[in-house]
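Subject: Structure for your review

Dear colleague,

Please find the structure below, followed by an account of what was found in it.

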Amino acid sequence: MRIAIIPARGGSKEIPRKNIKLFAGKPLISWTIDIANNCDLIDKVVVSTDDNEIAEISLSYGAEIPFIRPDELASDRSPVIDTIIHYLKKNSEATEIILMQPTSPLRKAVDLYNIIETKLQRNCRSIVSITEAYSHPSLCYKILKTGELSNFMASPILKRRQDLSKAYCLNGSIYLANRDFLIEKNSFIDESTVGFIMPQSRSIDIDNNYDWEIAEMLFMKSL
């Protein structure tokens, strides 16, 4: 059984009550629930939350809430993989898990279908969504304690930007893996994980108010 899990804590700090704040007229989490529920390649859509209001809103949009997440898995330091493993221990019928963050409202149904189809075609155990990085690692710097700049890479590649190979980063939108892979690796990613490329325009992961404004602007522009 392929199950979509949407993690949604109640204690978001940068944007209070972020997961149920209205985004383009609907609770943010509802956009992710709707896409998952409308995908016939997904057997069940579950929201994992520690918050009763989030649970009620999620239920109203058609998600299942099998249990309220325990407090020890709901702090801002709790890795999301711990929530996934917790669910797997309680649900023996799940053979594949799709992790879908509610903070990625710009993903499209085609992204969801295509990542599942790609996993089937590649016969891989794990696949995650990525997007082209805005800045190549060779062009990035860190600031030392003394204030000087130091190249982020130990051995930077000194080339023109247009000559550099493309670099990609996780966009936080879709993670898909087999049950046994998750239990074995305690992660959605290892050296065998396949990357599924999504456009930058659908890859914003809302973390702060600036992200929210950009995401909502792009969303309204796409209508």
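Is serine 58 buried or exposed? At 0% relative accessibility, serine 58 counts as buried, where buried means under 20% relative accessible area, exposed over 50%, and partly exposed in between (1.4 Å probe, protein chains only).

Before the remaining findings, a note on conventions. This is a predicted model, in which local features need pLDDT of at least 70 and side-chain atom pairs count only at pLDDT 80 or more, while totals for chains, interfaces and linings use all residues. Residues are numbered from 1 along each chain as its sequence is written, and side-chain values use heavy atoms, with hydrogens and water left out.

Serine 58 is placed in helix H2; helices (H or I, at least four residues) and strands (E, at least two) are DSSP runs, numbered from the N terminus. Leaving aside neighbours within four places in sequence, serine 58 is in contact with Ile29, Ile33, Val47, Ala63 and Ile65, contact meaning heavy atoms within 4.5 Å. In H1, the buried residues are Leu28, Ile29, Ser30, Trp31, Thr32, Ile33, Ile35 and Ala36. Because eight of the ten residues of H1 are buried, this helix is largely enclosed by the rest of the structure.

Nonpolar cores

In soluble globular proteins, nonpolar side chains tend to be buried together. A nonpolar core is here a set of buried Ala, Val, Leu, Ile, Met, Phe, Trp, Tyr and Cys residues joined through side-chain atoms within 4.5 Å. The largest such core has 27 residues, of which Ile29, Ile42, Ile98, Met100, Leu112 and Ile116 touch the most other members. At least two residues of this core come from each of strand E1 (2-7), helix H1 (28-37), strand E4 (44-48), helix H2 (52-60), strand E5 (96-100), helix H4 (109-122), strand E9 (168-178) and strand E10 (194-197). H1 gives the most to this core, with four residues.

Isoleucine 116 touches Arg2, Cys39, Leu41, Ile42, Ile98 and Leu176, when residues up to four places away in sequence are not counted. A second, separate core comprises 18 residues, including Ile5, Val46, Tyr175 and Phe188.

Salt bridges

The structure holds twelve salt bridges, each being a side-chain nitrogen of Lys or Arg within 4 Å of a carboxyl oxygen of Asp or Glu. One of them joins the side chains of glutamate 96 and arginine 2 (2.9 Å, N to O). Glutamate 96 lies in strand E5 and arginine 2 in strand E1, so this pair ties together parts that are 94 residues apart in sequence. Glutamate 96 counts as buried at 11% relative accessibility, and arginine 2 counts as buried at 12%.

Glutamate 96 also forms a salt bridge with lysine 119, with the closest N and O atoms 2.7 Å apart. This pair links distant parts of the chain, with glutamate 96 in strand E5 and lysine 119 in helix H4, 23 residues apart. Lysine 119 counts as buried, at 6% relative accessibility.

Elsewhere, glutamate 184 forms a salt bridge with lysine 185, the closest N and O atoms being 3.6 Å apart. Glutamate 184 counts as exposed at 52% relative accessibility, whereas lysine 185 is partly exposed at 30%. A network of salt bridges links Arg125, Asp180, Glu184, Lys185 and Asp190.

The largest pocket

The largest pocket has a volume of about 520 Å³. On a 1 Å grid over the protein atoms alone, a pocket is an open set of points where a 1.4 Å probe fits, with protein on both sides within 12 Å along at least five of seven lines, and lining residues have an atom within 4 Å of a point. Grid points are joined across faces, edges and corners, and a volume is the space filled by probe spheres set on the points. Of the 24 residues that line this pocket, Arg9, Lys18, Asn19, Gln101 and Thr103 are the closest to its centre.

Backbone angles

Arginine 17 has a positive phi of about 60° although it is not a glycine; this residue is in the loop between E1 and strand E2 (22-23). Asparagine 186, likewise not a glycine, has a positive phi of about 55° and is in the loop between helix H5 (179-185) and E10. Asparagine 186 counts as partly exposed, at 40% relative accessibility.

Yours sincerely
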